[in-house]
Amino acid sequence: MGVDYRDATAPATNFNMVTNLQIMQFGVPLAYKMDNFSVAVTPILQYGALDIMYDASAMGVNVSTQGVAQDLSFGYNVGLAYEVAGLTIGAVYKSEIEMEYKGQISNAIEDFTGNPNGSDKLSTPAEMGVGISYAMGEHTIAVDYKQIKWSDAKGYKDFQWDDQNVVAVGYEYATDAWAVRLGYNYSKSPISDQTNPMAVGGAIGAAGGNYGDTLDIMNLLGFPGIVESHYAIGGTYNFSKTTSVDLAYTYAPEVSQTANITNTLGGTIETKHSQTGVSAQVNFAF
């Protein structure tokens, strides 16, 4: 997740900001099945890298060129499922994984608010969800619900992100040789306009000054996770019993969000965001 405004021509409004948050998880699942019931636990080793750069020299703020900060941490996933007569009911919990990216967030907080005591923690939030699917011949329909706990995750809590309730529906038509899948999910943007700075807590809330505007600038310019709907289509083709290929396409329509930053830039900022994704995968079974 991130943005790249380094070639923009208006540094006073977007600070030529460049952000890049990368997350990789490694896990080996341990599963147990008894009759129609199954349970699994996956220990997780997570690698994260964060880079925040900007040029706010026109406002008397430092030019940040620190380079990438990295961290390793541990978490876990737990899931269970019960299946009977084509109906499967499941639940999952993913733990919060605490990460710390030294010098990244704290320096940005100090530059924009004057507070030298900001935190560099930015945890991957906990998730919990339930789902149900029903298979009838070649047809399978599934409905999932999960909650992403942004408001409890270190870092995102300071930036006042709201929890997200995500609802997803999917359909699969599968034969022995091939399968096609369709999906849709929706969740409201976790970012809101911080027009009331006195409501802000955590490290940023202790800064004083224009920290309400600082939240909006960092959220909407640096990490605009505001898309709400996702449409997906994909499929599988089996070349043999041991070799298959998967293809998928995901599209998130453009949304826009506006924040009032009168105390800092004397007006508002508007961010627009859309996403497309294409993936391909070759599978070998042995």
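The largest cavity is lined by Met 1, Ile 52, Ile 105, Leu 122, Tyr 156, Phe 159, Trp 161, Met 218, Asn 219 and Phe 223. A cavity is a set of points, on a 1 Å grid over the protein atoms alone, where a 1.4 Å probe fits but cannot get out, and lining residues have an atom within 4 Å of a point. The model is predicted: local features need pLDDT of at least 70 and side-chain atom pairs pLDDT 80 or more, while totals for chains, interfaces and linings use all residues. Residues are numbered from 1 along each chain as its sequence is written, and side-chain values use heavy atoms, without hydrogens and water.

**Cavities**
- The structure holds two cavities of 30 Å³ or more, and the largest has a volume of about 90 Å³.
- Its lining has nine nonpolar residues, one polar and no charged (nonpolar: Ala, Val, Leu, Ile, Met, Phe, Trp, Tyr, Cys and Pro; charged: Asp, Glu, Lys and Arg; polar: the others, Gly among them).
- A volume is the space filled by probe spheres set on the points, which are joined across faces, edges and corners.

**Largest pocket**
- The largest pocket (an open set with protein on both sides within 12 Å along at least five of seven lines) has a volume of about 970 Å³.
- Of its 40 lining residues, Glu 127, Lys 146, Ile 148, Trp 150 and Gln 164 lie nearest the centre.
- By class, 23 lining residues are nonpolar, 13 polar and four charged.
- Strand 8 gives the most to this lining, with five residues (strands are DSSP runs of E, at least two residues, numbered from the N terminus).

Terms used. Helices (H or I, at least four residues) and strands (E, at least two) are DSSP runs, numbered from the N terminus.
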